[in-house]
Amino acid sequence: MRAIPDAFTAALRTRDVPLDPARARDQHLAYVAALAATGCEIVWLDADESCPDCCFVEDTAVVLGRHAALTVPGAPSRRDEVEPVGLALSRWCAVHPMSAPATLDGGDVMRAADLLFVGLSERTNAAGAAFLAQVAAYEGLRVVTVPLGAGLHLKSAVTLADARAVLVLGGAVDPAPFAAAGLEILPVAEPVGGNVLHLGDRVLVSADAPDTAARLRDRGLDVRVLDVSELHKADGALTCLSVRIPRRGTWCA
Ligand code: CIR
């Protein structure tokens, strides 16, 4: 995870709303606590005041096991975020840096067992997906590209609720490739309900998606609700605030 800079006020966003770094930090700390409570070790990188979006660390790297791809984020203002994340990750993984004109944001990559669904979006292009496929092959993983119809990233709209079921925000993407992979489709209508973070037997859900939280509870999942409203204002969600590094021989969302 990476700390929130004062420069967060200048983070990229689709809506012209002011951003409050202090409020975002309070919400970020609650998120850290929720991750730590699941038994994760937290590796914390300092903020970089020249990178307003640096807390959205998921977009800079995709960890696949012993190998990780370092991205070229689709937004040029985010490209300096990558190097410190790569240095930190090199403690666990062989890191493979992507080169422009390939671009990819980690928020466009959703893993389900041995498949990596990659959203082709305003941030991620076909060359970025092809590079990821090369690195993924070292781990025996296969890439399936899915064109994104609306929204910032694939995982803004589609995430695993558990290992066999996927939440899909209506209108954002064709659910057929997920169904073809044997995943149960759980359609959602709440704009931030498609982005949950499934960690072991627990799932984190945004407080702005109460219907999704209730539905996942009804499925018997251990749901924890977090207020990340200040991060939503910068188009961030639950997955984008961390890069998850699974224990050897396991995988995580
Ligand atoms: C951006 O526009 O790049 C950031 N303000 C938000 C990135 C959110 N990342 C993610 O959902 N993976």
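In this predicted model, M110 stands opposite F117 in strand β5. M110 is part of strand β4, which covers residues 109–112. This briefing starts with that pair of strands, moves to the ligand, and then takes several residues one at a time.

**Strands β4 and β5**

- Strand β5 is made up of residues 115–120, and it runs antiparallel to β4.
- The two strands are joined by 4 bridges.
- The hairpin of β4 and β5 has 2 residues between the strands.
- In this hairpin, A113 takes a positive phi near 55 degrees.
- In a regular strand, side chains alternate between the two faces of the sheet.
- In β4, V109 and R111 are on one side, and M110 and A112 are on the other.
- Both faces of β4 are covered, and these four residues are all buried.

**R111, a charged residue in β4**

- R111 is found in strand β4, and its residue type counts as charged.
- R111 has a relative accessible area of 14%, so it is buried, the limit for that word being under 20%.
- The side chain of R111 reaches the backbone oxygen of A113 at 2.7 Å.
- A polar atom of the R111 side chain also lies 3.5 Å from the backbone oxygen of L64.
- Leaving aside neighbours within four places in sequence, R111 is in contact with L64, L116, L141, L160 and W251.
- R111 and V223 are 112 residues apart along the chain, and their C-alpha atoms are separated by 20 Å.

**The ligand**

- The ligand is surrounded by 14 residues, and the closest are D53, D59, R78, R123 and A234.
- This shell divides into 5 nonpolar, 3 polar and 6 charged residues.
- A polar side-chain atom of R78 lies 2.8 Å from an oxygen atom of the ligand.
- An N or O atom in the side chain of R123 is likewise 2.8 Å from an oxygen atom of the ligand.
- A polar backbone atom of L12 is 2.9 Å from a nitrogen atom of the ligand.
- Taken alone, the ligand exposes 350 Å², and the protein buries 98% of that.

- D59 lies in the loop between α1 (21–37) and β1 (61–63).
- D59 counts as buried because its relative accessibility is 2%, with the limit set at under 20%.
- The side chains of D59 and R78 are joined by a polar contact of 2.7 Å. R78 also has a polar side-chain atom 2.8 Å from an oxygen atom of the ligand.
- A polar atom of the D59 side chain lies 2.9 Å from the backbone nitrogen of G107.
- Not counting residues up to four places away in sequence, D59 touches T71, P73, R78, L104, D105, G106, G107 and H153.

**A129 and T145**

- A129 has its place in helix α3, residues 126–137.
- T145 has its place in strand β6, residues 142–147.
- A129 is buried because its relative accessible area is 3%.
- T145 has a relative accessible area of 42% and is therefore partly exposed, a label for values between 20% and 50%.
- Not counting residues up to four places away in sequence, A129 touches L104, V118, L120, V143 and T145.
- By the same rule, T145 touches V118, L120 and A129.
- T145 and F117 are 28 residues apart in sequence, and their C-alpha atoms are 5.8 Å apart in space. F117 is the residue that M110 stands opposite in β5.
- A129 and G151 are 22 residues apart in sequence, and their C-alpha atoms are 18 Å apart in space.

**H232**

- H232 is found in helix α7, which covers residues 229–232.
- H232 counts as buried because its relative accessibility is 10%.
- A polar contact of 2.8 Å joins the side chain of H232 to that of S206.
- Leaving aside neighbours within four places in sequence, H232 is in contact with R15, V192, S206, D208 and A237.

How values were computed. Residues are numbered from 1 along each chain as its sequence is written. This is a predicted model: local features need pLDDT of at least 70, side-chain atom pairs count only at pLDDT 80 or more; totals for chains, interfaces and linings use all residues. Side-chain values use heavy atoms; hydrogens and water are left out. Buried means under 20% relative accessible area, exposed over 50%, partly exposed in between (1.4 Å probe, protein chains only). Two strands pair if DSSP finds at least two bridges between them. A residue is near a molecule or strand if one of its heavy atoms lies within 4 Å of it. A polar contact is a pair of N or O atoms within 3.5 Å; within protein, one must be able to donate a hydrogen and the other to accept it, and residues adjacent in sequence count only if both atoms are side-chain atoms. Accessible areas come from the Shrake-Rupley method with a 1.4 Å probe; for residues, only the protein chains shown count as cover. Contact means heavy atoms within 4.5 Å.
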